[in-house]
Amino acid sequence: MRLPPAKPIIGTSDDILPMVRWLLIVAALVLAIVVVGGITRLTESGVSIVEWKPVTGAIPPLTQAQWQAEFAAYQQTPQYTQINGPAGMTLAAYKFIYFWEWVHRLIARVIGLAFAAPLTWFWLKGTIPGGYKPRLLALLALGGLQGAVGWWMVSSGIVNDVKVSHFRLAAHLLVALTTLAGLVWTALDLLALKRGEPRARLPGLGIAALAMVMVQLFFGALLAGLRAGAVAGAGWGDWGAWPLMQGSVFPEGVEANLVPFSDPYFVHWFHRWWAWAVVAVLIGLARRIKAKHRRVSVAIHAAFGTQILLGIFTVWSGVTLWIAVAHQLVGALVLCATVWGAHALGRRAATTPR
């Protein structure tokens with residue numbers, strides 16, 4: 001009896017590598033928007049554009065009249081009426097903060113196109129491996145959610161406050177970082193598929209490491225939103241600012257506030273000490289995978305080691321912009337390294353017979 005010809009396998013080895021490159025390029029763009037988001041926050045640029053125009057907003061003001069109109073709209077915000085207006089903000093100064101918010105939104109548009117257009121192409125070609133379509137659609141949905149959360153964040157600083165809500169800022173960052181983690185994990189799964197391996201599981205240690213890193217990043221976002229980076233003091237080599245806070249292990253400012261997530265002293269204190277719990281679990285993860293995945297282990301150690309130094313330098317420098325932005329970038333890289341480590345551990349679990 002003659003067997004029917006085998007059906008072609010969707011997602012061959014030649015099809016997988018272009019998809020991996022695509023996902024990693026989008027991940028790099030997410031890292032870029034995290035950096036520009038940090039600059040936007042530190043330069044107080046977030047509410048400089050008071051309207052959300054997903055399509056037409058890609059074109060900045062081109063004439064003097066258009067710039068005056070944008071400036072006039074910004075002048076209605078609490079940030080201008082209470083801070084920048086009395087400080088004598090000029091149109092030239094406004095153009096500076098407008099630039100960073102515009103670049104931030106432009107990169108967001110580029111990310112949307114860079115993900116949606118290739119996804120459509122791979123879908124129409126029929127080269128997406130089985131079981132990956134729902135995951136890719138979920139990542140696309142996360143990108144759309146990120147845009148909506150971004151505007152929800154900005155709107156909080158247009159009407160009632162001189163700054164955006166630190167809770168909404170944290171939500172905005174965490175959606176971006178969740179998307180980043182999903183992109184990296186999916187790319188790693190595709191590489192495993194190319195090698196003929198099953199998808200990685202997410203083992204208990206990997207879940208713990210990722211959860212603890214995300215908590216740390218959440219508090220880092222709250223810290224940025226509360227402008228809490230300098231509450232510990234400053235001064236290069238000043239031990240009263242780090243590892244102490246204003247010369248104390250537990251700063252007195254915490255005791256006066258009963259809302260810990262809105263207390264800059266508590267948020268800063270928790271962020272710096274929770275970091276050591278994160279380091280402990282990351283060392284454990286790195287040691288578990290070192291024998292078979294030395295590069296991943298080294299990446300984890302390098303990422304959190306650099307991040308610790310940048311955190312200290314951010315405090316000692318009085319939150320110098322480029323150091324603080326580097327701290328935010330490396331925080332995202334710590335997440336990527338943790339995803340890589342959890343995936344490496346999960347690959348071993350997936351290939352171990354039960």
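I looked up W276 and found it partly exposed, at a relative accessible area of 38%; the class lies between buried (under 20%) and exposed (over 50%), with a 1.4 Å probe and protein chains only. The model is predicted: local features need pLDDT of at least 70, side-chain atom pairs count only at pLDDT 80 or more, and totals for chains, interfaces and linings use all residues. Residues are numbered from 1 along each chain as its sequence is written, and side-chain values use heavy atoms, with hydrogens and water left out.

**Surface patch**

I placed W276 in helix α8 (residues 264-289); helices are DSSP runs of H or I, at least four residues, numbered from the N terminus. I then found W276 in a nonpolar surface patch of about 380 Å², together with V249, F250 and W273. Patch residues have over 30% relative accessible area and no salt bridge, and nonpolar side chains (Val, Leu, Ile, Met, Phe, Trp, Tyr) are joined within 5 Å. A salt bridge would be a side-chain nitrogen of Lys or Arg within 4 Å of a carboxyl oxygen of Asp or Glu. Accessible areas come from the Shrake-Rupley method with a 1.4 Å probe, and for residues only the protein chains shown count as cover.

**Aromatic pairs**

I noted 22 aromatic pairs in the structure. Rings of Phe, Tyr and Trp (its six-membered ring) pair if their centres lie within 6.5 Å; planes under 30 degrees apart are stacked, over 60 edge-to-face, and the rest tilted. W22 and F115 make a tilted pair, 4.9 Å centre to centre with 35° between the planes. W22 is in helix α1 (residues 13-42) and F115 in helix α4 (residues 91-125), so the pair ties together parts 93 residues apart in sequence. I found both W22 and F115 buried.

I also checked F219 and F261: the ring centres are 5.7 Å apart and the planes at 50°, so this pair is tilted. F219 belongs to helix α7 (residues 204-225) and F261 to the loop between α7 and α8, so parts 42 residues apart in sequence are tied together. F219 is buried at 5% relative accessibility, whereas F261 is partly exposed at 39%. Ring pairs link F219 and F261 into a cluster with F218, F250, F266, W269, F270 and W274.

**Helix α9**

Buried residues of α9 include V296, I300, F304, L310 and W316. After α9 comes G318, with a positive phi near 75°.

Note on methods. Patches are made of residues with over 30% relative accessible area and no salt bridge: like charges are joined within 9 Å, nonpolar side chains (Val, Leu, Ile, Met, Phe, Trp, Tyr) within 5 Å. Helices (H or I, at least four residues) and strands (E, at least two) are DSSP runs, numbered from the N terminus.
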